[in-house]
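Welcome! Let us take a short walk through this structure together, one piece at a time.

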Amino acid sequence: MRSSIRALGTSLLALAVGLLLLAVGLHLAGYDAGAALAALWDGAFGSWRAFTGATLLRSVPLILIGLGFALALRGGALNIGAEGQFYAGAIAAAWVGVHAGGWAPWIALPSVALAGIVGGTMWMALPVVLKLRFGVLEVISTLLLNFVAEALVSWMVQGPMQEPSGIYPQSAPIVEAARLPMLPGTRLHLGFVAALIAASILTWIFARTWWGFRLRALGEGPRAAEVSGRVRGNRMIAVALLGSGALAGLAGAFEVSGVSYALYQNLSPGYGFTAIGVALLARLKPSAIVLTGIVFAALEAGAGAMQRDAGIPAVTVYVVEGVIILVLLLGDAAARRGLRRQVVATGAVDGIA
Amino acid sequence: MIAARALGWVLAGVLLASCATREAPAPFRVALITPGSIADAAWNSGAFTGLGQIHDSLGVPISHVEARTPAEQEEALRTYAAQGYDLIFGHGFEFQSPAERVSADYPAVVFIITSGERVQGNVAPLIFRLSEASYLAGMVAGGLTKSNVIGFVGGVELPPVREASEAWVAGARAVNPEVQSRTTYLNNWDDAALGREAARALIRVGADMLHHNADAAAIGVFQAAKEAPGVYLFGANADQTELAPSRVVGSAVIDLPRALLLVAREVQSGTFTPRVESFGLGSGVVQYVPNLALDSMIPVALAERVRAAEDSIRQRDGQ
C-alpha cells in the first residue's frame with residue numbers, strides 16, 4: 001500500500017513537472033504561458049464538444065494499446081510494435097468494412113472489430129514464434145515489424161485496396177453499416193465504451209484470476225515462477241503477447257470504423273508509442289490506464305488548441321510527454337535506490353511490491 | 001476505485017465548464033489547416049504566408065493549426081467551424097472528404113480545399129496547374145542535361161504531383177527526345193533524410209537535372225544536389241533559389257498568398273459563390289521563376305523556346 005501511494009505520488013509529480021517545464025519554457029521563449037495553458041485546458045476540457053470529440057476520442061486507441069502494453073509487460077514481455085499491430089488491424093478492418101455491403105449493422109460492426117483483433121493478433125504471431133522458437137527478443141522483432149506494417153499500408157492504399165477511381169492513396173470508404181455509432185450528442189464513437197469494458201476485464205483478470213496472478217509471478221521472477229512448477233512460462237507469455245497485439249489491432253479497427261471511415265497511410269500519429277507512456281504512467285494498472293490515457297489524449301487535444309488559439313507550435317506538447325516519462329523513470333530509480341539502502345540497513349525487506 | 005471517482009470528478013467539472021461557455025457574436029475570421037510543418041519552404045509555408053497577408057490586408061483575426069492524420073484533420077475542420085470561423089482553408093486534397101462531412105453541419109462556413117476535387121455545398125476547391133510550370137522547368141532541364149538523364153522526387157503520388165512529374169518529363173522530351181527520366185515517390189512529405197537518399201540514388205544512375213514535389217522532404221534533395229558536382233535542380237511550389245543559389249536553375253512556383261487572399265476578399269465581401277477555381281500560367285498565380293544568377297548557363301535558343309512555350313500555354317489558358 002505504501003509503495004502504491006508513492007507510485008501515485010511519482011506519477012502526479014511527473015505530470016506536474018512536465019506542465020511546469022512547459023510553462024517555464026514558453027515563458028522563456030517569449031510566449032504568454034498563462035494564455036497558452038488556458039488554451040491547452042480549453043482545447044481538452046473547455047467544452048463538452050472538446051472533451052468528447054477531441055480528448056475522449058483520442059483516448060480510445062491510447063487506452064486500448066496501453067492496456068495491451070500492460071498485459072504483455074505484466075508477464076515480462078515488451079511489445080514495442082503496437083503501431084504495426086494497429087495498422088494490421090486497420091487493414092483487416094477496412095477490408096471487411098469495404099466489402100460489408102448489404103450486411104446488417106449488428107453483423108458488420110462485430111465483424112469489423114473481429115477483423116481488427118485477428119489482424120493485430122496475426123501481426124504479433126511472428127514475433128511470438130521467433131521468441132519461443134529461436135529466442136529472438138520481442139523488443140526487436142515487434143519494433144522492426146512496425147516499419148513493415150507501414151510499408152504494407154502504403155502498398156495497400158496504392159495497390160489492392162486503393163479506392164475505385166485509382167487516384168488517391170486511400171481505400172474506398174467503408175459501408176454505412178460498418179461505421180460505429182456515436183454516443184448521443186457527441187462525436188465520440190462506441191469504441192470508448194469498449195475500451196472501458198476492456199479495462200474492466202483486464203482489472204478482473206489481474207486482480208481476481210489465478211492466471212493473472214501467475215502472469216505477474218512470471219513477470220517479476222521468471223526463474224522462481226518456473227521452478228515452482230505451477231507456471232508454464234512460454235505459453236503464458238505467448239498468450240499475453242498475442243492479447244497485446246489483439247488490443248492494438250482492435251484500436252486500429254475502431255479508428256477505421258469510428259473515425260476515418262477508410263484506410264489511410266498516416267492513420268496513427270504514433271499512438272503505439274504514446275500508449276507506452278500511458279501504461280507506464282499508470283503503473284500498468286488497467287483502471288489507471290483509463291485515466292492516464294485521457295490525460296495524454298487531453299495533452300494532445302490541447303496541443304492543437306494551443307497552436308490554434310495561442311499560436312504555439314503543437315510539438316511542444318510532445319516534449320512535455322517525454323519529460324513526464326523521464327521524471328517518472330527517475331523517480332522510480334530513486335525509490336529503488338532508497339529501498340535498497342533500507343534493506344541493507346535493516347536487513348529486512350519491507351513493503352516491496 | 002480511486003480512478004473511477006476521479007473520472008467522475010473530471011466529468012462533473014467538464015459539464016460545469018461547458019455550461020459556462022459563452023457564445024459571443026464574432027467578427028469575420030479566417031483559419032488555415034496545413035497537413036504538415038510550415039517550415040517546408042514550399043507548399044505549407046506559402047499558405048501560411050498567405051494567411052499572414054490576409055491578416056495584414058483585410059485586418060481580420062486568423063488562426064493556423066497543423067493536422068497530419070485523417071482524424072486530426074476532421075477534428076480541426078470541425079473545431080474551427082464550431083468556433084465560428086467564417087472561412088477555413090484545408091490545405092491539400094486530403095481535406096476534401098472530411099470537409100464534405102463537416103460542412104453538412106455548418107452550412108454557413110466556407111471551406112476552401114487547395115488542390116481539392118469538386119464543389120459540394122460550401123466546400124470549394126482551388127486548383128493549381130503547377131504542371132504547366134513544371135513543363136517549362138522540364139524544357140530547361142532537357143536542354144541543359146549532359147547525361148540525358150533527369151530525375152524527379154515526389155512526396156505522395158497524388159494527382160497534382162503525378163501531373164507535375166509527367167509534365168516535367170514531357171517538357172524535357174519536347175526539347176531533347178533522347179532524355180531518359182527516373183521518378184521516385186517517398187510516400188512521405190517530411191522526411192528530408194529520405195529525400196536525400198532518393199536524390200542520391202537518382203544521381204548515382206546518372207541524373208544531372210532534378211525536380212521535385214515533396215514539400216519538406218525536398219530539403220534533402222537540395223542537400224544531395226549541393227554535394228554532387230554538376231547536378232542542378234528545379235524548385236517547386238515556391239521560389240526555392242535560396243536553398244541552393246548556385247544549383248537551382250529555376251522554380252515552378254505557386255503564388256499561394258495571392259490565391260488565398262483573392263478568395264478571402266470575396267468571402268469577406270459576401271460575393272463568393274462556391275465554384276472550381278483553377279489557376280495556371282495565364283493567371284500569374286502559377287509561374288516558372290528562373291534563377292537570374294544562373295541565367296548565363298542557358299543558351300539563347302533554349303530561352304527563346306521556353307518563352308514561346310510559356311506564351312502558347314498562357315494563350316490557351318486565356319481562352
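Which elements of chain B make a right-handed β-α-β unit? What you see is a predicted model, and in it the unit is made by strand β6(B), helix α6 of chain B and strand β7(B). The helix of this unit covers residues 159–175. As for the strands, β6(B) spans residues 149–154 and β7(B) spans residues 180–185. The two pair in the parallel sense, over 6 bridges. To find one of these pairings for yourself, look for V153(B): its bridge partner in β7(B) is T184(B).

Stay in chain B and move on to helix α10, residues 300–318, where you will find I313(B). Is I313(B) buried or exposed? I313(B) counts as buried because 20 other C-beta atoms lie within 10 Å, and 20 is the number at which a residue is called buried. If we set aside the neighbours within four places in sequence, I313(B) is in contact with E132(B) and L281(B). I203(B), by comparison, sits 110 residues away from I313(B) along the chain, and their C-alpha atoms are separated by 31 Å.

Now hop over to chain A, which has a helix α6 of its own, covering residues 138–158. This helix has 21 residues and reaches 30 Å from its first C-alpha to its last, close to the 30 Å expected at 1.5 Å a residue. Several residues of α6(A) are buried, among them E138(A), T142(A), L145(A) and V157(A). What do the buried residues of α6(A) pack against? Their partners are three elements of chain A: α4 (82–98), α5 (105–134) and α10 (233–260).

Note on methods. Residues numbered from 1 in each chain as written. Chains lettered and ligands numbered in written order. Predicted model: local features only at pLDDT ≥ 70, side-chain atom pairs only at ≥ 80, totals over all residues. Pairing = 2+ DSSP bridges. Helix = DSSP H or I, 4+ residues; strand = E, 2+ residues; numbered from the N terminus. Right-handed = clockwise from strand over helix to strand, strands pointing away. Buried ≥ 20, exposed ≤ 12 C-beta atoms within 10 Å, placed from the backbone. Contact = placed C-beta atoms within 7 Å. Expected span 1.5 Å × (residues − 1).
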